[in-house]
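I'm opening my notebook to look up charged pairs, then whatever surrounds the ligand.

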Amino acid sequence: MATALRPIRWKKDALYLLEQRLLPFRETWVKCDTVEKVARAIEDMTVRGAPAIGITAAYGVALAAFRSKSKSPAGFKKEIEKAIARLRKTRPTAVNLFWALDRMQRQLKKMKGASSSDQAYWLEREAVEIHKEDEALCGLLGKYGARLLAGCRNVLTHCNTGALATGGDGTALSAITTAAKKNRKLHVWVDETRPYLQGARLTAYEVAHARIPFHLITDNMSASLMKQGKVDAIIVGADRIVANGDTANKIGTYALAVMAKAHGIPFYVSAPTTTLDLTKRTGKEIVIEQRNPREVTHPQGYPIAKEDYPVYNPAFDVTPGELITAIVLETGTCRPPYTKSLKKALANSKVVS
Ligand code: MRU
């Protein structure tokens with residue numbers, strides 16, 4: 001049996017991240033021993049995927065605590081708050097990052113008056129807890145998501161939502177790998193996910209690792225596959241799901257949802273409740289990250305267009321809740337109307353918030 005892929009390793013003195021920018025060709029690890037290195041690893045996508053960046057940021061805070069040279073509790077608190085503020089500025093869309101940092105901030109508040117070394121110990125424990133919890137959440141997402149995929153022959157997925165994007169086996173991809181254990185004929189359409197190619201580079205790598213039959217396709221091939229009846233379901237992850245079910249996810253997700261609707265194909269979203277942001281009513285309130293134009297003109301460093309061309313490069317788009325057949329959370333499967341079902345799911349969630 002293939003060993004589980006785990007891209008985030010905490011070794012007390014430092015955080016080690018599997019360098020995702022070099023996959024699938026090279027498996028190397030990046031050592032982050034300062035908060036700044038952790039923040040940069042999130043920004044430059046050494047680590048990426050909503051739950052994974054939340055976990056990484058939490059370890060960044062633990063690292064700040066361990067590295068602190070401050071003698072006074074007030075100085076220590078100031079340093080940790082500075083680290084949290086830096087990590088908050090890394091990527092704006094995935095709410096898991098802010099959820100994890102808020103949780104670390106609350107832990108800091110709880111320990112007011114304790115020695116710096118005690119505080120460092122408890123901050124580390126909280127980060128490890130966040131990591132472990134996400135692993136468990138992925139297991140539940142796999143279980144519930146696989147039920148929706150039972151009976152499917154061909155499933156299409158977008159971006160990377162597997163072990164590389166989380167603390168466990170993934171969100172949408174966990175549903176696929178779980179379903180594939182029962183249905184050996186399950187076949188996956190992995191779309192390349194322009195411009196950053198998370199599908200081609202990372203999902204194909206994970207699906208191959210899990211020995212699941214798949215084909216890699218370019219993003220513009222999916223409509224034609226749907227028309228030919230070669231897609232039974234689509235399942236994707238999420239970076240932020242708001243109260244009415246509007247979902248921010250990797251750019252291109254919205255197009256897939258529109259095509260799914262046109263072809264009568266179920267469109268599923270899978271995410272832990274740490275991806276819910278019920279403080280926002282609709283997707284219009286979600287901040288969409290704009291990334292470096294070179295990701296479009298020079299994918300993987302290879303020039304395909306002149307670098308001075310004007311470029312539009314949003315990392316995410318928002319799929320309206322009405323195009324989503326169901327949202328799989330670790331608490332179970334939510335159906336429309338999402339304003340009710342998501343609220344209920346969050347109330348039932350055991351995750352510390
Ligand atoms: O820009 P990325 O690679 O961080 O974007 C990742 C995605 O959009 C994923 O679909 C999402 O984070 C869910 S990961 C389980």
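**Entry 1: salt bridges.** I searched the whole structure and got 18 salt bridges. The background is simple: side chains of opposite charge can pair when their charged atoms come close.

Before going on, I note that this is a predicted model, where local features need pLDDT of at least 70, side-chain atom pairs count only at pLDDT 80 or more, and totals for chains, interfaces and linings use all residues. Residues are numbered from 1 along each chain as its sequence is written, and side-chain values use heavy atoms, with hydrogens and water left out.

**Entry 2: glutamate 36 and arginine 86.** I looked up this pair and found a salt bridge of 2.8 Å, N to O.

My cut-offs: buried is under 20% relative accessible area, exposed is over 50%, and partly exposed is in between (1.4 Å probe, protein chains only).

**Entry 3: aspartate 102 and arginine 88.** Here I read 2.6 Å between the closest N and O atoms of the salt bridge. Aspartate 102 is in helix 4 (residues 95-110) and arginine 88 is in helix 3, so this pair ties together parts 14 residues apart in sequence. I get 32% relative accessibility for aspartate 102, which counts as partly exposed. Arginine 88 has 27% and is partly exposed too.

**Entry 4: arginine 103 and glutamate 126.** Their side chains meet in a salt bridge of 2.8 Å, N to O. Arginine 103 belongs to helix 4 and glutamate 126 to helix 5 (residues 116-149), so parts 23 residues apart in sequence get tied together. I checked accessibility again: arginine 103 is buried at 2%, and glutamate 126 is buried at 13%. I also noted a network, in which salt bridges with shared partners join Glu36, Arg40, Glu43 and Arg86.

**Entry 5: the ligand.** Which residues come nearest to the ligand? Of the 18 residues around it, they are Arg91, Gln198, Asp239, Asn249 and Lys250; a residue counts as near if one of its heavy atoms lies within 4 Å. I then looked up polar contacts (pairs of N or O atoms within 3.5 Å). A polar side-chain atom of arginine 91 is 2.8 Å from an oxygen atom of the ligand. Glutamine 198 also has a polar side-chain atom 2.8 Å from a ligand oxygen, and for lysine 250 I read 2.7 Å.

The protein covers 100% of the 420 Å² of accessible area that the ligand has on its own (Shrake-Rupley method, 1.4 Å probe). Helix 2 (50-67) and strand 9 (247-250) each supply at least two residues of the shell around the ligand.

**Entry 6: leucine 346.** I found leucine 346 in helix 11 (residues 338-348). At 36% relative accessibility, leucine 346 is partly exposed. Leucine 346 and arginine 106 are 240 residues apart in sequence and 19 Å apart in space, C-alpha to C-alpha.

How values were computed
Salt bridge = Lys/Arg side-chain N within 4 Å of Asp/Glu carboxyl O. Helix = DSSP H or I, 4+ residues; strand = E, 2+ residues; numbered from the N terminus. Polar contact = N/O pair within 3.5 Å; in protein donor to acceptor, adjacent residues only side chain to side chain.
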